[in-house]
Structures are given as structure tokens and as C-alpha cells.
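Here are my notes on the salt bridges, for you to check against the coordinates. Please read them with the structure open.

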Amino acid sequence: MTSSTVVHVLRHGEVHNPDKILYGRLPGFRLSELGGQMAKAAAQALADRDIAYVVASPLERAQETADPIAAQFGLPVAVDERLIESANWFEGKRVSPGDGSFRDPRNWWVLRDPVTPSWGEPYKQIAERMFGALHAARVAAEGREAVCVSHQLPIWTLRRYVERKRLWHDPRKRQCGLASLTSFHFEGAKLVGIGYSEPAAHLVAMSPGARTAKGA
């Protein structure tokens, strides 16, 4: 008899980023006060679920988002390096329209290939490591449910990968809001469905910069 398992892949909450840089994998970027509330909202949304395993990216914002969920279920927060944010050449730079990095001709060579992409970790590499982390969590929580805390681009790339869609995409069209849950439903090792919810949408609406948060 095959077992039913759900792996919820959670994007972290809003980050304190007063300089509005693309923080990527840089250390020291923690949740803002509102981001902490988003993490609690996600935990509340999962309160009635059968969570048996909680794992997160090693970055501070992911660990902090995982903490209230783990505490709620009396579980430790495991770390999986495969859930980390994608590497990006523009890390540490301001990249919003008008900020300069994209307008500077010295940086244009980095943008030459949007398919791989040339400015960061290849989408295929992101997809494969996230797929490995997804199935590791499924095995760890077999017959129950798991939570993996990660970052916007890796989560969206994973979803497109399992849905057999091309991996390069318009980042403005990602369905992966702050503290959102992308839930992968399995029967045995077979993926049978994907769900999506935004338990912190009311909090995201309170933050003007939340939907364009750098580093994601």
C-alpha cells in the first residue's frame, strides 16, 4: 500500500533590507519585524497539519521562518544546503530600475544569456538540487507532511521543473509570494498534485516593497 505524503515548500518572510540591494546568499540578512509576523502566519496556517519534518536553507531568513513552525510541532530545524538561494553575479548590488547596475554598460555582458542564465546559477542546476531536497523531505516525512523553507527563485524553478515547463521565465510572473506555500502531494514516490496558498497575504499587502524584495 502506497503512503500519501505532502511536502510544503515555504518561501521565507520579508527581509530587513534598508539599502535595497540584491542580498542573495550574503550573511546577516534577517527577517524584518513584518517578516517575523509572516513566519508566524505560515505556522498558524499549518497548525492542523500532520507535520513530521522541518528543514530549511542555511540562510538566516529561512531559518527564522522555519523556527515558529518547528516550535509549534516540537521539532528541530534540519538544514539542507540544496534549499539555498541561487548564486547571482549581481549579489550585493542595487538592481531596481534606475539604480544603475542594469544601466551600466560594463555589466551588459553578464546579461547576454537569459536562458542559462549567464548572470547566475544555471536553472537546471537549481532545479536538480531542489528536486533532490524535495524528495529527501518526502522520505523523511513518509506518510505524513514536511516543510522545506527556501527562496523564491529556487521554489519557482522547482515547480516549473516538475510541471515540465521551460525553466527560463519572466520573474515578474512568478507565483511565489513572501511566506507562500507551494505544496507537493505524493502517493508513494509519485507526484500527484501541487497546491499553492498565501497565508501571509494580508501582511504582504502592508509592505510596499514586499513583492519586489531583493534576494528573495
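1. A salt bridge here is a side-chain nitrogen of Lys or Arg within 4 Å of a carboxyl oxygen of Asp or Glu. The model is predicted. Across the whole structure, the search returns 11 salt bridges.

2. Start with Arg 25 and Glu 121. They form a salt bridge, with 3.3 Å between the closest N and O atoms. Arg 25 sits in the loop between β1 (4-11) and α1 (33-45), and Glu 121 in the loop between β3 (78-79) and α3 (123-140), so this pair ties together parts that are 96 residues apart in sequence.

3. Are the two partners buried or exposed? Arg 25 has 31% relative accessibility and counts as partly exposed. Glu 121 is buried, at 7% relative accessibility. The cut-off for buried is under 20%.

4. Which residues make up the network around this pair? Salt bridges link Arg 25, Glu 121 and Arg 129. Please look at the three side chains together.

5. Next, Lys 165 and Glu 163. Their closest N and O atoms are 3.4 Å apart, in a salt bridge. Lys 165 is partly exposed at 44% relative accessibility. Glu 163 is also partly exposed, at 27%.

6. Last, Arg 172 and Asp 170. Their side chains meet in a salt bridge at 2.9 Å, N to O. Arg 172 counts as exposed, with 73% relative accessibility. Asp 170 has a relative accessible area of 24%, so Asp 170 is partly exposed.

Note on methods. Residues numbered from 1 in each chain as written. Predicted model: local features only at pLDDT ≥ 70, side-chain atom pairs only at ≥ 80, totals over all residues. Heavy atoms only, no water. Helix = DSSP H or I, 4+ residues; strand = E, 2+ residues; numbered from the N terminus. Buried < 20%, exposed > 50% of the residue type's maximum accessible area, 1.4 Å probe, protein only.
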